[in-house]
Structures are given as structure tokens and as C-alpha cells.
Amino acid sequence: MAANDEKTLFTPSQEVVDQANVKEYDQQYAFSLEQPEVFWAEQAAQLSWYREWDKVLDKSNPPFFNWFQGGRTNIILNAIDRHLLSATRNKLAVIWEGEPGDTRTFSYHALNREVSQFANILKSMGVKKGDVVTIYMPQIPEQLFAMLACAKIGAAHSVVYGGFSHEALADRINDANSRVVITADGGYRRGKVVEMKSVVNKAMELSPTMEICITVKRTGIEVYMENDRDYWYHDLKSLPIASNKCETEVMDSSDMLFLLYTSGSTGRPKALVHTHGGYSVYTATTHRMVFDIKPEDRYWCAADPGWITGHSYIVYGPLINGSTIMLYEGAPNHPYPDRWWKIVEKYGINILYTSPTAIRGLMRFGDSWPNRNDISSLRLLGSVGEPINAEAWNWFHKVVGRGNCPIMDTWWQTETGGFVIAPLPITPLKPGSATKPFFGNELAIVDDAGNEVAAGEEGTLVIKTPWPGMAKSVFNDPQRFISTYWEKYSKQGWYHTGDSAKKDEDGYYWIIGRNDDVIKVSGYRLGSAEIEGVMARHPAIVESAAIALPHHLKGNAIHITAVLRNNYKPSKELELELMLHMEEHLGKIARPEAIQFAELLPKTRSGKIMRRLLKSRAMGLPDGDLSTMEE
């Protein structure tokens, strides 16, 4: 099978189709484009509101769209409060397992108690509506409680991934003007304690705005605590201030829910602003429809709450839908490569949503690890973060899904808030394709002038219509929001995704990669994802990264950094073999100029390969911003 085989279809079984929440796509998609406000009003009506909206969409000041104008809500009203009035109150909301093996569970009733106590603690520290609270924590239940507590009292949270350096953390604290940070003494990763409070202490030295630090005791390591600045969470929780009753703040639909920082190819990280109303509707709708959520499901998004996948599809979407969420603290291969599969078996997980990076990492250890566990409870799989190559897709489908589980390959961004391109369980699947647009999203593949390209041709992916999950702006920098996402196609009023893609004759979308990841060799455009997909077909390769470096004849030449499987060793002979492999499977134009071997590829915290860093180092240029880089 080719890296992107546009002819191979995996058709869902009749059983999957019969049980699906959404039975039909084409007519409903057409309706959602013809009458988007009616469609989204129908979805919003499935949620609770303090006051219903006056207008579904206010388009008077593009690109600053206002969804459910006049509506009064709070995401907590739907994620927790309404469940307390039904049998869902006694349902498990969160199942948590720490890397050492400790476990905790919380019903929706218990979740409300924990969130209310945390909310009252924040109030006692002077946190009020409109403030931004920075959260820097491991994957423990208190991370979720902290996020939800902020939302409950009308404060915005800014979750910073728990592996960032103190400089990166300080930059985000200062940009958000946070005066309160929530952290833990540390967390567990691959059997070791990852210190966190010590990082926060260093960050606070660089932050003029930071006044208070609340610390959860997770590991028991010794940390420095300063009087009148540092507070242990368990001490605060034992005080009368930590009442388990707290009123949920009534918010305007367009009020800020959270900030989330994301890096572009240039410039400092920017904080995207998401809001209570539209984001609630969009995350709940996409989660319910794409993952075909049933009341009895046990759902596991194996991402981190520190990036948008965790916000939308660990915390908010699933809780709004009353799901039971699995949360795991540690590494997928600790102490053995079947840790995830043991969790699936132990808790009866039905849905597993993860990244191609994680899939390839586990695939590296072979089929025997998943096969020695009973993972037959799985009925749906999901992929997120980057285009998935066909080999990883097929392994995930055949070995993990036993050939029975549809794979929901989702394309979206921090900026979009939720899925923009994704299959439904009823959708015939093509390995490597995110398939078709989610309801209400009109997309196009265009050239630099905004002209739509022919089927099969690569171009830039744009979104033609507003959608409820979209970011409201860049925090304190509306001009950057315009220049980054709307300026290029301002005449048409389209959102510029910055991603290169193509659409085949069946209307299936194939994401190639970031526009700056598209390599032009002798006038031919080659996507890094396509090159890497072909590389992954060779038995020696776990994963690779392709970049373009200047060439005196071709303009650019392909250079590849590759990670080998355990039983292969770097050699000139293997490099030549891989070059011929590329020629054979993608053509002579795709023959790399050089292939170098590495133990690991540089990646962001969310698992995306940092091709920019590989390129700058190869050219002897400065590394640039490394704040998002994984340790």
C-alpha cells in the first residue's frame, strides 16, 4: 500500500453503522452549510443556559465573531451542574491512575465537591472574574479540578505544559498578567520524579506579577516554600474557607474561558482566547458525534491537559457529555511497553484517542505487547496532532483495534477549538486521510491568490465560514490575530490555517503539513508528511523528519533525519538503501541528498516534530524559540 493510498477504503461494519449516533452525513452536512445558524442553534439547544441567546452569530465585526450573542452561561453549568440533577451525579466522571500504580476515582457528585472547594480557595486568595490563573501541573486529578474551579468563578485559566522550562513558564505568566499560579511538588515520569515547584520558584523570580503559589503534594519531595506566598493545597483544603458549596458565576457567552499558548513558525508564543458559549457547544457536539459517545462508555484521550486536545477532549467536551474519563499520569511504556494496554484491559476502555507519535512509539515494540492483553473492550480509536502515515494507521487498526475499530483521524488546531476535519463512525476510511469536514465547516484548497486548485493538487487549506469553537482573538493583541490568520485571504474573509493539503476526487482531505514544511525540489512540491510516510514503510525506520535545505541546482534538496528500530545500525550502506527506497516509492525527484540517523527527533510537548529546529541547525543558524521543545 502506498503511503497515501487514495483508493483503499475501510468500510465500517453494519454493527457500527446500526449503533451510530449519526446515521447519515451528506444531507446533514449540506444542511449545516445552507443553514448554519439553524444547525448550531439545534446543537446549542441540547445544552443548558441561564439565558438563551438573542442571536446565534453576530458577524458585524469580522474576524471577531460573536457566537450565541446575549446568551448567559458558564461551561461548568453543562460540565458539572446539570449532571447533579440527574442520575449522572452518581456516575464515574474521572478514573485516574498514577504512574506508580496509585488510583483515585470521582463521581460527578464528588467532582463537584472537589471543584467547589478549589474554587472557594481561589476566591479566598483574591481571584475574581476576569483574572488569569496559571496552572503548571502533572496529570493528576487536581489539574482538572483547578481548571474547572477557575471556570466556575469566572476566572480564565492558562495551563502551561508541565515540562516547560522556568523561562518559558515565566514568559507565559507575565504575558497573561497572572498573580496566582497552581502547581505540584512534582510528578512521575518513567519511574523518576519530575520536579515542578522548583521550576515555578525560578519562574516567580522572573515574574513581577506573581504573588501566590498553591502547591499540591504529589511526590513528597522537599521543596522551598516562602511564607505569605506559598501555600500547600492540602492545608488550605482543611480550612473553613474550602467549603464544598460554591455558586457558579453567570457568564456572557463571549466571556473568556481560557488562554492557551501556541507557537507559530516565527515570533513569540501567542495566547489564543477561547470563550464559554461557542466553545461549549462546539466541543460537546464534535466529541459526541465523532466519538459516537454512549452513556456507558469509558473514554480515554491519552493527551495532556496542557495542550488543546486535553482542554477540549479530556476535560470539557467529555464532561459536558457526561462521559467517564480515563486519566493516566505517566509514560506509555513504563515499566513495560504494555502499560497502556494493561490500562485498557483493567478499566474496560472503549475509546482510545492518541497521537501518531505515540502509536509509532508503541509499534516499535511489536505486536506481542498489545496481544498479551485483553483489549477487546475497544470499539473506537482516534488519532490527533499530525498526519498519520499509512503503516502506523494500519498497525493501529489491525493490532490495537483487532480490525474492528474505526479510526477517527482528526484535523484541527489550538485556534479552532475542536475538530474541523474528521470522520464519523459511519464514514468509509482511507488510511492517512482525515476524511471530510465536520458539520458547519466549509473548506477549500487554494493557491496563494485564493483560487481553488484541482482535485489531487496541493494548496493551502482555508476555512470559509465561522464556527462556534473558533478562538475569539489573541490575548491583548487583536492585530496579531488578524495578521496571522485572516490577512492573507482578507478579501475573501477566509481563515488561513497555515497548513498545506489536498482533496482527492472523492472529497477526502489529506493534510500534507505546515506550509513551511512543504519542500519544493526542482519546481516539484513534496510534503514532509508524504516523504516521511514512504520512509516509514522501510522496515528499518521507526520515524523520520524531512526538511528542505538550499541546493545550487534544485533550489532545495531533501534532507532526512531518521530514527532506526532497535535491530538496525547506522551505516553508509543503509543510507544508500533508504535513498533507493525513496526513489522506488516516490520517484527520483524524492531521492534525499543525505540521511542522518538519530536516537530521537526534536519534538514539541504536543508531539509535533520540530523541523524548523533541524533546518536551522543544519544551516548553522540560531535555534530560535525552544520553549515548546520536549526534554
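Contact is taken here as heavy atoms within 4.5 Å. The structure is a predicted model, in which local features need pLDDT of at least 70 and side-chain atom pairs count only at pLDDT 80 or more, while totals for chains, interfaces and linings use all residues. Residues are numbered from 1 along each chain as its sequence is written, and side-chain values use heavy atoms, with hydrogens and water left out.

Not counting residues up to four places away in sequence, histidine 538 touches Leu574, Glu577, Leu578 and His581. Histidine 538 is placed in the loop between helix H17 (528–535) and strand E28 (541–551); helices (H or I, at least four residues) and strands (E, at least two) are DSSP runs, numbered from the N terminus. Histidine 538 counts as buried because its relative accessibility is 6%, where buried means under 20% relative accessible area, exposed over 50% and partly exposed in between (1.4 Å probe, protein chains only).

Strand E28 belongs to an open sheet of three strands in the order E28-E29-E30, with mixed pairing. Two strands pair if DSSP finds at least two bridges between them. The edge strands, E28 and E30 (594–597), each pair on one side only. Strands E29 (residues 555–564) and E30 run parallel and are joined by four bridges; isoleucine 560 has isoleucine 595 in E30 as its bridge partner. Helix H17 packs on this sheet, touching E28 and E29, and its direction makes about 135° with that of E28. Helix H19 (residues 611–618) lies across E28 and E29 at about 50° to E28. For these angles, axes are lines fitted to C-alpha atoms, for helices over the stretch in contact, and angles run from 0 to 180 degrees between N-to-C directions.

Proline 466 lies in the loop between strand E22 (458–463) and strand E23 (473–474). With a relative accessible area of 18%, proline 466 is buried. Its contacts, not counting residues up to four places away in sequence, are Leu57, Phe65, Trp67 and Gly440. The C-alpha atom of proline 466 is separated by 8.9 Å from that of lysine 59, 407 residues apart along the chain.

No disulfides (pairs of cysteine sulfur atoms within 2.5 Å) are found in the whole structure. For cysteine 246, the nearest cysteine sulfur, that of cysteine 150, is 12 Å away.
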